[in-house]
Amino acid sequence: MSAALPVWRQSRARVVRQDDRGAGHRWLELEVKSPFAPPSPGQFVQLRLPSVANPVLLPRPMSVASVVRSRGALRLGFLYAPVGIGTRALAGLGAGGEVEMLGPLGRGFPLEHPGTPVLLAGGRGVAPLLFAADVLARRTRSGRARRSAVMLFGARTRAQLVGLEDAHRRLAALGGRLHVCTDDGSLGPRGNVVQLLERVTPGLAGPIVLHACGPHAMLKAVALWSLACGVPAFLAMESMMACGTGVCRGCPLPRSASARVAYDPATAQSLHGNREWAMCCTEGPVFAAEDLDWERIE
Ligand SMILES: Cc1cc2nc3c(=O)[nH]c(=O)nc-3n(C[C@H](O)[C@H](O)[C@H](O)COP(=O)(O)OP(=O)(O)OC[C@H]3O[C@@H](n4cnc5c(N)ncnc54)[C@H](O)[C@@H]3O)c2cc1C
Ligand code: FES
């Protein structure tokens, strides 16, 4: 992918809103003053509580789920699960609370890639795809995109389809269709997102292009399906991250054989990985399916 690296900066951000979204998830809105650059879908920020009482040393990576511009400021939305010490501390912040925000970071989804966009979301992986739906809707309204999009959203149960209403609203604004599935059949057909993809694809105006985010097992299945069918696919990966900027070398993902052959040390950027490993934070988190070795991804 050829997207340029973002120009990131560290800024203080203020909590505007934080509420419960069900199944243990939270919706958080943070306001950050310009000149913080607006993130694009699939990019992320690093969040850290600045308080002296905060026990968390490292910032935590979070995908951006919405961006609204208002009077010299940006309001960024996040859909997240408080799973450990950092995200639980974040969940404890009320309106007016402050965090340090570093971003925007990484490479997002290439939404300009030709074809009908198919947004594939697994569980809380819906977060960056909600934002992608917003951007596609804006492009359709402005006449810059001629094709609508569809979203395929899967989770273990109906309750785990967190952000479902939001997804409905944003797909309606885009004139696109939302399809859902659950592992237990409590909403939509029983099965996973790849099975849903196989069902829905014949009815779509081709060619299609996949943009996906979810657990790595789901992304691996999507990647293998896309490679077998010759359909372009872009997958938003996660990795444990410390710096988020390519410095600590702590977030490697294995390159595919073809990506290792294509790797050219003469043109490689210093904050990217090496021939063997790609850095998730600077070269990703969104990768083309053919660029990673899916057999070595956990
Ligand atoms: C690019 C990127 C975007 C992300 N976007 C979102 C998002 O939109 N919403 C959201 O809820 N989460 C997102 N995450 C995951 C989120 O960053 C982790 O859940 C968070 O860092 C955990 O921090 P903690 O201090 O609460 O947990 P810790 O106390 O550090 O760990 C608690 C548990 O969470 C696991 N964990 C920690 N980091 C990760 C990680 N990166 N991926 C998976 N498991 C992890 C640990 O293994 C451990 O089991 C994203 C991660 C990345 C790399
Ligand atoms: S998180 Fe430090 S190099 Fe990626």
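Q: Why is Arg71 called exposed in this predicted model?
A: Arg71 has a relative accessible area of 86%. Exposed means over 50%, so Arg71 is called exposed. Arg71 lies in the loop between strand 5 (66-70) and strand 6, and has a positive phi of about 40° although it is not a glycine.

Q: Why is Arg249 called partly exposed?
A: The relative accessible area of Arg249 is 37%. Buried means under 20% and exposed over 50%; the value falls in between, so Arg249 is partly exposed. Arg249 sits in the loop between strand 12 (233-236) and strand 13 (252-254), with a positive phi near 60°.

Q: What makes Cys248 partly exposed?
A: Cys248 has 39% relative accessibility. That value lies between the cut-offs of 20% and 50%, so Cys248 counts as partly exposed.

Q: Why does Cys280 count as buried?
A: The relative accessibility of Cys280 is 0%. Buried means under 20%, so Cys280 counts as buried.

Q: Which domains supply the lining of the largest pocket?
A: Domain 1 (9-105) and domain 2 (116-296) each give at least three residues to the lining. The pocket has about 1200 Å³ of space. Of its 48 lining residues, those closest to the centre are Arg124, Gly125, Gly214, Pro215 and Glu238.

Definitions and conventions:
Residues are numbered from 1 along each chain as its sequence is written. Chains are lettered from A and ligands numbered from 1 in the order in which they are written. This is a predicted model: local features need pLDDT of at least 70, side-chain atom pairs count only at pLDDT 80 or more; totals for chains, interfaces and linings use all residues. Side-chain values use heavy atoms; hydrogens and water are left out. On a 1 Å grid over the protein atoms alone, a cavity is a set of points where a 1.4 Å probe fits but cannot get out, and a pocket is an open set with protein on both sides within 12 Å along at least five of seven lines; lining residues have an atom within 4 Å of a point. Grid points are joined across faces, edges and corners, and a volume is the space filled by probe spheres set on the points. Domain bounds come from an automatic or database domain assignment. Buried means under 20% relative accessible area, exposed over 50%, partly exposed in between (1.4 Å probe, protein chains only). Helices (H or I, at least four residues) and strands (E, at least two) are DSSP runs, numbered from the N terminus.
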